[in-house]
Each structure stands twice: as structure tokens, then as C-alpha cells.
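Here are a few exercises to work through with the model open beside you. Take them one at a time, and try each before reading its solution.

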Amino acid sequence: MYRKIVFLLILILCLPFYSPTFGQNIFKKYVNGIINDTSDIREPQFLMYPTVAYSPETSWEIGFSSLYVYYPKKDTTNRLSEVNAFTFFTLQNQYGLWLDHALYTDKNKWFFLGRLRLQSFPLKYHGIGMDSPAGYLALVEANQIMIRERVLRQVRKNLFFGLQADFQRLGGVDFKASPENPTIDLPTGSEGSTNLGLGAGLVYDNRHNVLNVRKGLFSELAILRYTQALGDFGFTSVLSDTRIYRPIGKNNVLAAQLLGQFTTGDVPFNQLALMGGDNMMRGYYMGRYRDKNLLAFQVENRFLPLPLGFSKRIGAAVFGGLGTVFPDFQKASIHKVVWSAGAGLRFLLFPKKDIYTRFDLAYTQEGSGIYLFIGEAF
């Protein structure tokens, strides 16, 4: 199980003991600014905090996370834009930089949605398909570069259309077979690959705050075509992602997501549809299950804040999900669906912008996982 200790959580737990009489040095002013959120709601806000983590794949990990949020032109009728960054280094000389963003221009005319991953990192390879073993077949060492960007223009109210590009490079690949499985069949792309996909996407999005949606609908349909003229493999990927949010009473939110990823062609193992991670099917290691196609569904009930009366900043959530991967629709089977469920706490980090920190504990039929992030999972 992956355990992460984040110093921001320590600051939150120390909140009841915080007193301004301790002094007004820079650190305490910074903590006070986070905890009390005294800034003007129209002003941008920036948060940076150190992280310490441990996992069997990385040993000890030290890093920094940051979040920058703002309203274009300081106009709160515009949608809230956000940039998340995370950088880390481990005692096994592994390192990485992650950068995610969802940016809107004034009047929401343009929407920029993307992510960047630069990392040297081991990943567990369990094989392909739902029948892959719980114990990993190999530990894969590799250097990865992933850059995905979507540039969308509003064509009607809340409806965006645009182009997208996805660049992925996997180099320095080394499959180290596990002791339990000394021989394995190497998958497509096991020697590394470089691929560039170009395509288009259609998005309907009426969310106002992407980090904590109280009411709204997000639906994306996108297609990417990778050709051997622009990379090592030729294949096509289609993504369908629909999320709906409905308020229940004054403070509760019921959220649901249906995710589908479908690929055809000669697909390298690192660009197959991957199940797991901190967003969909929490509790599974990212890539625990992989194949050409994925279908997953999750639902979450959020109490923001809890109706207990003792604090307006403490919330909670319960969630559950179902998912499967398969090579083609003829071989999809309802008997090979796995589940994920769990619960978590929430702390209202920026009250004026309605942004929470989430601490989730997820369970699966194979184990559990702990997650701490700013913003909801979806």
C-alpha cells in the first residue's frame, strides 16, 4: 500500500492550536494566509508545500507540490482556472515533474486543458487483460515524457470544440522480471517508443469551479490518431468522459462519472487503457489492469461541510466504482468487472474559492490505497 505523509496535513491538524500570539514571522503569516484565507476572492492564490512519501517501488520520496488558482481578469463571473504542479526525488535516484492545468480566458471563450509528465520512475507491469495476476510480472524502469494539450474554442454557450495533440516518449526501458515470474512475454513497445497523436475534441462544460463542482455537467468526446509517419506505432484512440454533479440539500453533492477509452491498431503497452490511480478506480495501482479498451464508472457523495455543527471547514465523502478492460467488445464480460470503494475527509483550504483538500482511503478486492490531494478526484 502506498503511504504518503504531507506536511500540509500537519498544518491542518495543528489548526486548533494555532495562535497569532506566537509571533508574526514569514512562516506563520504564510500558514495564517492558508488557514484563514483573508485574501480578496478576486485575487489569484498560490500555495506551495513539501511532501514526504514512501512506497516499495521508490523507497523514501521528497518533493514539493503547488497550486495556483485565479479568475481571468479578476472577474468572478469567469470560471476558476487552476495550475497544479508536483516535483519529486527519491532515494533510488528517481525523479519527476508533473504539471496539470485547466485554463479559461475572459468570458470563457477559450479553454486550455492539458498535462505534462517528465519522470524517471519504475512501474509495475502485471500483464494485459483482466486475467493478469495480482502479483506483478516485471518492474519496468523507464524514462517517460508525456505532453498532452487541448485547445478548445467556445462555439456555443458551454460547448467547446478544438484540436488536441499528445506526445509520448518512453526510453531507457528495462523489464526486470519478478522473482515469482522469471520469464514473461514482452509486450508491444517493450524496447521503448516515441509517438505523436493529433486529433480533435468536443467538450460540453458548464462547471464554474473545476476543483470543487457543486452543480454542473462535463462531457468530452475526443479522438487521436497516431501514425508511423509521426512515431513508431500506428493506432487510434477514442476517449469518452462524462461527469454529472447534482446538489442534494444545501451542502451535499452527488457526483457520477462514466469513462471509456477505446484503442485500435498496434498499441504500445504504455499507451493502452490503464485502470487505477488517484482519480478513477482509486485503490488500484495505476496500470494494474491494462488493455485496448476500458469502461469504468464511479459515484461519490460529498458532504461539504459535514452537518455536525462543530466546524464549517471539515467535510467528508463516500465513493464507489466499477471497471473493466478488454481487447474488443466481443470479449468484454460482466463477470470480469472489479470494484473499488472508500471514504475520505475534506478540509476547506480556500473558503472564498470553495476549494477543499481531500484525504481518501480506498479499498479493492486486492488491497487498499491512501490519497491526499487538493481538489476532488473528478
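**Exercise 1.** What percentage of the 378 residues in the protein is buried?

*Solution.* Start with the cut-off: buried means under 20% relative accessible area, with a 1.4 Å probe and protein chains only. By that rule, 47% of the 378 residues are buried. Keep in mind that this is a predicted model, where local features need pLDDT of at least 70, side-chain atom pairs count only at pLDDT 80 or more, and totals for chains, interfaces and linings use all residues. Residues are numbered from 1 along each chain as its sequence is written, and side-chain values use heavy atoms, leaving out hydrogens and water.

**Exercise 2.** Which strands does E17 join through bridges?

*Solution.* First, strands are DSSP runs of E with at least two residues, numbered from the N terminus, and two of them pair if DSSP finds at least two bridges between them. Next, look at E17 (residues 338–350): 10 bridges tie it to E16 (residues 314–326), and the two run antiparallel. Here Phe319 sits opposite Gly342. Then turn to E18 (residues 355–364), also antiparallel to E17 and joined to it by 10 bridges; Phe347 has Thr357 as its bridge partner. Finally, 4 residues separate E17 and E18 in their hairpin, and Asp354 in the turn has a positive phi of about 55 degrees.

**Exercise 3.** Which residues does Leu294 touch, not counting residues up to four places away in sequence?

*Solution.* Count a contact when heavy atoms lie within 4.5 Å. The list for Leu294 includes Leu259, Phe262, Met275 and Val325.

Notes
Buried < 20%, exposed > 50% of the residue type's maximum accessible area, 1.4 Å probe, protein only.
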